[in-house]
Amino acid sequence: MKKRHSFSKITFAFACCGMLLLNSCIKDYIGGGKKNPKVSTLIGSDFPANDGLHVGPDGTLFASNFGVFDPELNKYNGTTVFEVTKRGIRAKAEGFEAPMGSVLDRQGNLYFNTENNNDAVSGVLVKVAPDGTSETVGEIAGWPSGLAIDDDDVLYVANFFAPTLHKVLPDGTLSVLATDDRLFGCVGIDIDDEGNIITANFFTADILKITPDGAVSLMATIPNVTQGFAIGYMTIFEGAVYATGISENVIYKVAFDGSTEIFAGTGENGSADGKLLEATFSQPNGIAADERKRILYISQFGETGLRAIKF
């Protein structure tokens, strides 16, 4: 069944690093360079999204706004997936309920999960075409959360409230690739160079590997993390996993041999820029890599803002 939602065509400018354009901010990164990467704020408290991030092939950043809990509505109040380019920010898709994650396929279709909230019974995977029309790809039991897409436009869907990992073919065929109790609570998800799906568990801080045929194994467990509120999203960049420590206010780096380290952040709650281990984050949540520009983008669930690390 196809649904139509409203889509804003108005692009609003934002102030960032004293400039109006995102690319100006990128040029003005303090420090930078592979030997001395630093944390920078691209957009401060005006950034309207706090959930999953995705970088499209042309460098466009997509940002989902899960929102904050509204006691009157008894649910999270986010409604929009935003598009961030050098021209500014605009609402790419709006009128949805607590959107999570986002990916773009090679045809320019945007996918994200919605209708996830307190009941945790099921959520809906939505596809938005380049012309703005939307349709439901399928309903997924549990709480479908993060999304990853491979070079053949095959989607993989993590699940926050069911022990499953779903696979979605380009024609919309939806199936369960893997079932394992360790998958219950997964949000962050990406695909490595061998085609394995790597996913991070929000509750346990486990980093799991799922082979293309559905075999699940433990890759690493990040230590000293608050159980039950551990890892937000994750991304694979230049041979390592980078994961947001939403409870500890840090960014973790996990090697494929299972070793882990704090890559950025002091652990204090804040939004101070600076050297990697001197900067602060406020419940970092979404994370995505622009491989061409060698930038990690980070959203925050605490103090809103779009943070970045340029290598």
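Modeller: Two strands pair if DSSP finds at least two bridges between them. Keep in mind that this is a predicted model, where local features need pLDDT of at least 70, side-chain atom pairs count only at pLDDT 80 or more, and totals for chains, interfaces and linings use all residues. Residues are numbered from 1 along each chain as its sequence is written, and side-chain values use heavy atoms, with hydrogens and water left out.

Colleague: How many helices and strands does the protein chain have?

Modeller: There is 1 helix, and there are 29 strands.

Colleague: Show me a hairpin. Which residue takes a positive phi in the hairpin of strand 16 and strand 17?

Modeller: That's glycine 172, with a phi near 95°, and the hairpin has 5 residues between the strands. Strand 16 (residues 164–168) and strand 17 (residues 174–179) run antiparallel and are joined by 5 bridges. In one of the facing positions, valine 168 stands opposite leucine 174.

Colleague: What is the distance in space between threonine 136 and glycine 172?

Modeller: It's 9.6 Å, C-alpha to C-alpha, although the two are 36 residues apart in sequence. Threonine 136 belongs to strand 13 (residues 134–141).

Colleague: How do I read burial, and is threonine 136 buried or partly exposed?

Modeller: Buried means under 20% relative accessible area, exposed means over 50%, and partly exposed is in between (1.4 Å probe, protein chains only). Threonine 136 has a relative accessible area of 24%, so it counts as partly exposed. Across the protein chain's 311 residues, 58% are buried.

Colleague: Which way do the residues of strand 19 point?

Modeller: Ile197, Thr199 and Asn201 point one way, Ile198 and Ala200 the other way, and all are buried. Strand 18 and strand 19 run antiparallel, with 4 bridges joining them, and cysteine 186 has asparagine 201 as its bridge partner. The turn of their hairpin holds glycine 195, with a positive phi of about 85°. Strand 19 also pairs with strand 20 (residues 206–210), antiparallel over 4 bridges, and there alanine 200 stands opposite isoleucine 207. In that hairpin's turn, alanine 205 has a positive phi of about 70°.

Colleague: What about strand 5: which strands does it pair with?

Modeller: Strand 4 is one partner, antiparallel over 3 bridges, and strand 8 (residues 80–85) is another, antiparallel over 4 bridges. Look at phenylalanine 62: histidine 54 has it as a bridge partner, and it stands opposite glutamate 83 in strand 8. Phe62 and Ser64 point one way from strand 5, Leu61 and Ala63 the other way, and all are buried.

Colleague: How do I read a sheet, and what is the strand order in the open sheet of 5 strands?

Modeller: You follow which strand pairs with which; here the order is 26-3-29-28-27, with antiparallel pairing. Strand 26 (274–275) and strand 27 are the edge strands, each pairing on one side only. Inside the sheet, strand 3 (residues 38–43) and strand 29 (residues 306–310) share 5 bridges, with valine 39 opposite isoleucine 309.

Colleague: And a nonpolar core?

Modeller: In soluble globular proteins, nonpolar side chains tend to be buried together. A nonpolar core is a set of buried Ala, Val, Leu, Ile, Met, Phe, Trp, Tyr and Cys residues joined through side-chain atoms within 4.5 Å. The largest one has 25 residues, and Tyr242, Ala264, Leu296 and Ile309 touch the most other members.

Colleague: Last one: how do I read a pocket, and what volume does the largest pocket have?

Modeller: On a 1 Å grid over the protein atoms alone, a pocket is an open set of points where a 1.4 Å probe fits, with protein on both sides within 12 Å along at least five of seven lines; lining residues have an atom within 4 Å of a point. Grid points are joined across faces, edges and corners, and a volume is the space filled by probe spheres set on the points. The largest pocket has a volume of about 1200 Å³. Its lining has 47 residues, and His54, Ile149, Asp190, Ile191 and Glu291 lie nearest its centre.

Definitions and conventions
Helices (H or I, at least four residues) and strands (E, at least two) are DSSP runs, numbered from the N terminus.
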